[in-house]
Amino acid sequence: MSFSPTDILTSASDSILSVLYPQTCIICGQSVNRRSEGIACDNCWSKATIFSGLETFCLKCGAFLSETEPLIDTYCGRCDGHFYDRARAVGVYRGAMSALILNLKRTPHLPSQVGRWLEIAYLDSFPIFADVIIPVPLSRRRFKERGFNQAAIIGMDLSKRTAIPMDELSLARKIHTPIHRAGMDLKARESSVKNAFEVTRPKLIIGKNILLVDDIFTSGSTASYCAKALKKNGAVSVNVLTLGRAV
Ligand SMILES: [Zn+2]
Ligand SMILES: [Zn+2]
């Protein structure tokens, strides 16, 4: 095995940083050896389900249907009315992945290991190359409260890795909706995002293949209504990539 100078520099800076900023795993409390792992240790990340792309997913919404490779095109039957073309995620919203996503709402930083997984998921999942990355927007009120949009942190990381430009301004959330809670049923979720999104700069949307990014895909209604607004304004395709997939 050989190491490039960048590898050596990265691992050197990782160990220097971990001495300067010793960090414990948010889940088990053991120490995190590499800064690239972020909030969880090696062991906890190894227990997370990160998709290899060989599992059986609903071809459209990316619902995780089985761990084995599909023999035929498979659909879940629940996403037929959704407006996006295809949705995929880096992994299952559980364990280290859910801890990371919760942490991302407080700390605007994506660990580089997760950024690499995100890039691989993007390259493996979609039939077409995106012209532009658009993060699912926050309402102005939520943006003020948080100070940043976690979906834009994810989008920015992918933009740097793929050289696809990110557009944070052309899609806006005009209605402030309550934070989705686990107890919120499908109908309540749906109606809270139904008319929430608008395209503010249609000239930048028309004719574009768009990659919508977000932290988590739950029922798919947020992604679907974003895609509806984008397509109404002339987007050719809208694919969706999230870090976590609720199962
Ligand atoms: Zn751990
Ligand atoms: Zn589906």
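Modeller: Happy to! A residue is called buried if 20 or more other C-beta atoms lie within 10 Å of its own, exposed if 12 or fewer do, and partly exposed in between, with C-beta atoms placed from the backbone. This is a predicted model, where local features need pLDDT of at least 70 and side-chain atom pairs count only at pLDDT 80 or more, while totals for chains, interfaces and linings use all residues. Residues are numbered from 1 along each chain as its sequence is written, and chains are lettered from A and ligands numbered from 1 in the order in which they are written.

Let's look at α4, residues 112-125; helices (H or I, at least four residues) and strands (E, at least two) are DSSP runs numbered from the N terminus. Its 14 residues reach 20 Å from first to last C-alpha, close to the 20 Å expected (1.5 Å times one less than the number of residues). Val114, Leu118, Ala121, Tyr122 and Ser125 are its buried residues. They sit on the same side of α4 because their arc around the axis is only 100°, taken from the directions from the axis to the C-beta atoms. Leu123 and Asp124 are exposed, on the face turned away from that buried side.

What covers the buried side? Among the covering elements are β3 (86-92), α3 (95-104), α6 (150-162) and β8 (237-245). Take β3: six of its seven residues are buried, so this strand is largely enclosed by the rest of the structure. β3 pairs with β8 in the parallel sense over six bridges (pairing needs at least two DSSP bridges), and Ala87 stands opposite Val240 in β8. Val240 is also one of the contacts of Leu212, contact meaning C-beta atoms within 7 Å. Leaving aside neighbours within four places in sequence, the contacts of Leu212 also include Tyr84, Ile134 and Val238.

Next comes α3, with Ala96, Met97, Leu100 and Leu104 buried. Here too the arc is only 100°, which puts these residues on the same side of α3. Their cover includes α4 in turn, along with α2 (42-47), β3, α6, β7 (209-217) and β8.

Finally, beyond α6: Ala163 lies in the loop between α6 and β5 (171-173). Most residues other than glycine have a negative phi. Ala163 is exposed, with 6 other C-beta atoms within 10 Å.

How values were computed
Contact = placed C-beta atoms within 7 Å.
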